Amino acid sequence: MAHSGINVLFEGHNFVRLLGGLWTTVWIAALSLLIGLALGALLGILRTFKNRLLRLILRLYLEFFRIVPTVVLLFLAYYILPRMMHVANLPGSLMAVVAFALWVAAEFSDIVRGALISVPKHQRESGMALGLNRHQLFYYVLFPQAFRLELPATINLATRVIKTTSLLMMISVMDVINIGQQIIEANNHLYRTGVFWVYGLIFVFYFLVDYPLSRWAKKMDAKQAD
């Protein structure tokens with residue numbers, strides 16, 4: 001067992017380093033979601049307005065982030081935009097948050113728009129008949145009902161963001177994947193099967209983070225179907 005592959009996880013500070021990488025993955029995903037959901041909610045509301053030019057611009061924004069691969073967004077945010085703005089040494093984690101947040105905002109804006117327009121028309125008309133202005137109509141009538149409709153899709157979006165953080169190694173962010181790869185390369189001569197144990201543990205980490213969210217989304221869908 002001296003050179004068993006599983007030992008690579010406990011060699012030196014490897015396990016603690018992997019936990020640190022997991023924390024990096026989680027906080028980047030969480031901060032991106034926090035910013036992206038707030039911005040996406042605003043954009044989703046704006047997309048329900050009747051201004052054609054505004055709706056066209058926001059639609060193009062959505063399509064851009066849907067068409068362009070996430071890895072390209074990360075390269076744009078980390079390598080190209082700082083050079084264009086003549087800004088150097090921006091942290092990869094910061095630029096990753098920017099890229100992910102803008103992507104989340106685009107996707108969530110479509111979720112919010114779909115939820116808002118799915119609220120029964122008579123609910124909107126009833127609110128207007130009571131004399132509610134636009135702000136009151138959104139706050140008291142549309143938002144509470146739209147929230148329940150959009151929650152499952154929002155949770156699924158969160159799981160996608162967490163999984164997509166695996167691309168952070170492309171811009172040298174020390175996430176759990178990047179640290180895992182470093183551990184494998186540093187110990188490959190001693191632990192030939194270490195790669196299976198390292199990536200097996202990383203799989204467990206992602207599963208423990210994503211699976212509860214996935215179950216929650218399924219429960220929300222089941223409740224709405226009843």
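Start with a network: R47, R66, E107, D110 and R160 are linked by salt bridges. Keep in mind that this is a predicted model.

Take the pairs in turn. R66 and D110 form a salt bridge, with N to O at 2.7 Å. That pair links distant parts of the chain, since R66 is in helix α2 and D110 in helix α4, 44 residues apart. R66 is partly exposed, at 38% relative accessibility. D110 counts as buried, at 18%, because the cut-off for buried is under 20%.

Next, E107 and R160. Their closest N and O atoms are 3.7 Å apart, and they form a salt bridge. E107 sits in helix α4 and R160 in helix α6, residues 134-164, so this pair ties together parts 53 residues apart in sequence. E107 is buried, at 11% relative accessibility. R160 is partly exposed, at 35%.

Now a local one. E63 bridges to R59, with the closest N and O atoms 2.8 Å apart. Both lie in helix α2, residues 52-67, four residues apart, about one turn of the helix. Both are partly exposed: E63 has a relative accessible area of 24%, R59 of 36%. The count of salt bridges comes to five.

A salt bridge needs nitrogen and oxygen within 4 Å. D210 is in helix α8, residues 194-225. Beyond its sequence neighbours up to four places away, D210 touches T159, I162 and K163.

F100 is in helix α4, residues 92-118. F100 counts as buried because its relative accessibility is 0%. Leaving aside neighbours within four places in sequence, its contacts are I28, S32, T70, L74, T164, T165 and L168.

Last, the whole chain. There are eight helices and zero strands. The C-alpha atoms fill a box of roughly 75 × 50 × 25 Å along the principal axes. Of the residues, 40% count as buried. Among contacts between residues at least 6 apart in sequence, 78% join residues at least 24 apart. On charge, there are 20 positive and 11 negative side chains, and the centres of the two sets lie 8 Å apart. The accessible surface is about 13,100 Å², with 67% belonging to carbon and sulfur atoms.

Technical notes. Residues are numbered from 1 along each chain as its sequence is written. This is a predicted model: local features need pLDDT of at least 70, side-chain atom pairs count only at pLDDT 80 or more; totals for chains, interfaces and linings use all residues. Side-chain values use heavy atoms; hydrogens and water are left out. Helices (H or I, at least four residues) and strands (E, at least two) are DSSP runs, numbered from the N terminus. Buried means under 20% relative accessible area, exposed over 50%, partly exposed in between (1.4 Å probe, protein chains only). Contact means heavy atoms within 4.5 Å. Accessible areas come from the Shrake-Rupley method with a 1.4 Å probe; for residues, only the protein chains shown count as cover. Lys and Arg count as positive and Asp and Glu as negative; His and the chain ends are not counted. The place of a charge is taken as NZ of Lys, CZ of Arg, CG of Asp or CD of Glu. A salt bridge is a side-chain nitrogen of Lys or Arg within 4 Å of a carboxyl oxygen of Asp or Glu.
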